[in-house]
Amino acid sequence: MRLAGGFAGRAAGLALALAAAAAAAADRPSMLAHYRREIDHSLEHRHWRAEDIDRDGLLRELEKRVAAGESATAIAAWLTEEVPARWYAFAPINPSFKADSQFHRPFDPRINWLVGQGVSGAYSHTGREEFSLDFAMPEGTPILAARRGTVVRVVDGFTQCCLPLERGDEANQVIVLHPNGTFASYVHLRAGIPVQPGQAVRIGDLLGYSGSTGYAVMPHLHFGVSIRDASKLPRTIPIRFWNGTPEGYLPKQWRFYEFRPAATARLGVVVGERALVSGVPFLLDGRAPIQLHVLLEGPSGEAIEVTRDPGTRYVALTPWSLRIGGAGRVVFGFQSSQWAPLAEVLRTSLAIATILYEGADGRQAYFDAWFRFPDVDRLRKQPADEAKPKEAR
């Protein structure tokens, strides 16, 4: 799970492409025409707004440099710095901010999402992306503002997932600038983002819905908070999430967020005649679909069936291994042959769903249903290629 390249790298690539196109031209007017066409094509391809890089100002500066006789190589070097600087011009350079400030979760606080890649993740959270987090979640999960601020960048309209690395710029995202000069990036969103640049947002406001656009090997939210340093480029910074303590909280890789409001009611879940224990693996008989029966403890201790109650919601925490419908029916297995996010044992043995309940009287309850497959031990001993399901090959 990664934000491939980052906008700094992608903008540099744009600059080199522009210079290469212009180098083939024989005269100044042809060079400028090449630049103009390539800029417009790149903006359209990347779903960037012209005003986000001040296209007209960029063209005027290019015209001056071409008229002054600068080479395509020199112009490429200038563009390599200029394009990302313009993209991130909304943020101050080296702002003063409190290093111990805390953020709210960018999602429903009742759900303990799994962190697929944490801070300093070797896969892609290195260098300027070091302090990023990836939260695995099904496509369409509401993504919420983690701090108040102003929407400054929106990239929208991409619909494909799991693209090759070289097409990693095709990721929908929202960037929110905070009053202290830091800014948060919410990446890999589904198309159809409901906010616009210039819009003020408060903590918990809807920014969009999770997806798998760009170089995302499965649906997830890539979240990071950055500043713009002396290089004029973004650099992620360490953050903590609010959990009611002065220290805050930082979820670890391959751990669940593990912090939610206190429940005010109790849920029970039954499969057939067997009761599940929240957070404890439940051994299945096989991989066939199952039906959950959700029971709410009533005022006198009686069990009230709420499986299809309007206040009951089902969430797949491991979307690569199960999907769960609104009536509590669970189907196991890969949801897309393009997803290849995890080590083989993890992605075939781990299947977890959360059941949320919120009653008309305001009572809330949670249940984490963990499932373990009977063939896990065999899978642990098999080579990965032999254990891999056909649809994932």
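The model is predicted, so local features need pLDDT of at least 70 and side-chain atom pairs pLDDT 80 or more, whereas totals for chains, interfaces and linings use all residues. Residues are numbered from 1 along each chain as its sequence is written, and side-chain values use heavy atoms, with hydrogens and water left out.

**Helix α4**

- Helix α4 spans residues 72-87, and its 16 residues reach 22 Å from the first C-alpha to the last.
- This reach is close to the 22 Å expected at 1.5 Å a residue, the expected span being 1.5 Å times one less than the number of residues.
- Helices (H or I, at least four residues) and strands (E, at least two) are DSSP runs, numbered from the N terminus.
- Buried means under 20% relative accessible area, exposed over 50% and partly exposed in between (1.4 Å probe, protein chains only).

**Aromatic pairs**

- The structure has 16 aromatic pairs; rings of Phe, Tyr and Trp (its six-membered ring) pair if their centres lie within 6.5 Å, and planes under 30 degrees apart count as stacked, over 60 as edge-to-face and the rest as tilted.
- Tyr88 and Phe90 form a tilted pair, because their ring centres are 6.0 Å apart and their planes stand at 55°. Tyr88 is buried at 5% relative accessible area, and Phe90 is buried at 16%.
- Phe223 and Phe241 also form a tilted pair, because their ring centres are 6.1 Å apart and their planes stand at 35°.
- Phe223 belongs to strand β10 (residues 220-228) and Phe241 to strand β12 (residues 240-241), so this pair ties together parts that are 18 residues apart in sequence.
- Phe223 is buried, with a relative accessibility of 0%, and Phe241 is likewise buried at 0%.
- Ring pairs join Phe223 and Phe241 to Phe107, Phe135, Tyr186, Tyr249 and Tyr257 in a cluster.

**Backbone and contacts along the chain**

- Most residues other than glycine have a negative phi.
- Asp54, not a glycine, has a positive phi of about 50°. Asp54 sits in the loop between α2 (28-46) and α3 (55-67) and is partly exposed, at 37% relative accessible area.
- His188, also a residue other than glycine, has a positive phi near 75°. His188 lies in strand β7 (residues 183-189) and is buried at 0% relative accessibility.
- His104 is placed in the loop between β1 (102-103) and β2 (114-117) and is partly exposed at 30%.
- The C-alpha atoms of His104 and Phe241 are 5.6 Å apart, although the residues are 137 apart along the chain.

**Cavity**

- One cavity of 30 Å³ or more is found in the whole structure, a cavity being a set of points on a 1 Å grid over the protein atoms alone where a 1.4 Å probe fits but cannot get out.
- The largest cavity holds about 30 Å³ of space, a volume being the space filled by probe spheres set on the points, which are joined across faces, edges and corners.
- Its lining residues (an atom within 4 Å of a point) are Phe97, Lys98, Ala99, Ser101, Phe103, Thr182, Ile237, Pro238 and Ile239.
- By class, this lining has six nonpolar, two polar and one charged residues. Ala, Val, Leu, Ile, Met, Phe, Trp, Tyr, Cys and Pro count as nonpolar, Asp, Glu, Lys and Arg as charged, and the others, Gly among them, as polar.

Key
On a 1 Å grid over the protein atoms alone, a cavity is a set of points where a 1.4 Å probe fits but cannot get out, and a pocket is an open set with protein on both sides within 12 Å along at least five of seven lines; lining residues have an atom within 4 Å of a point.
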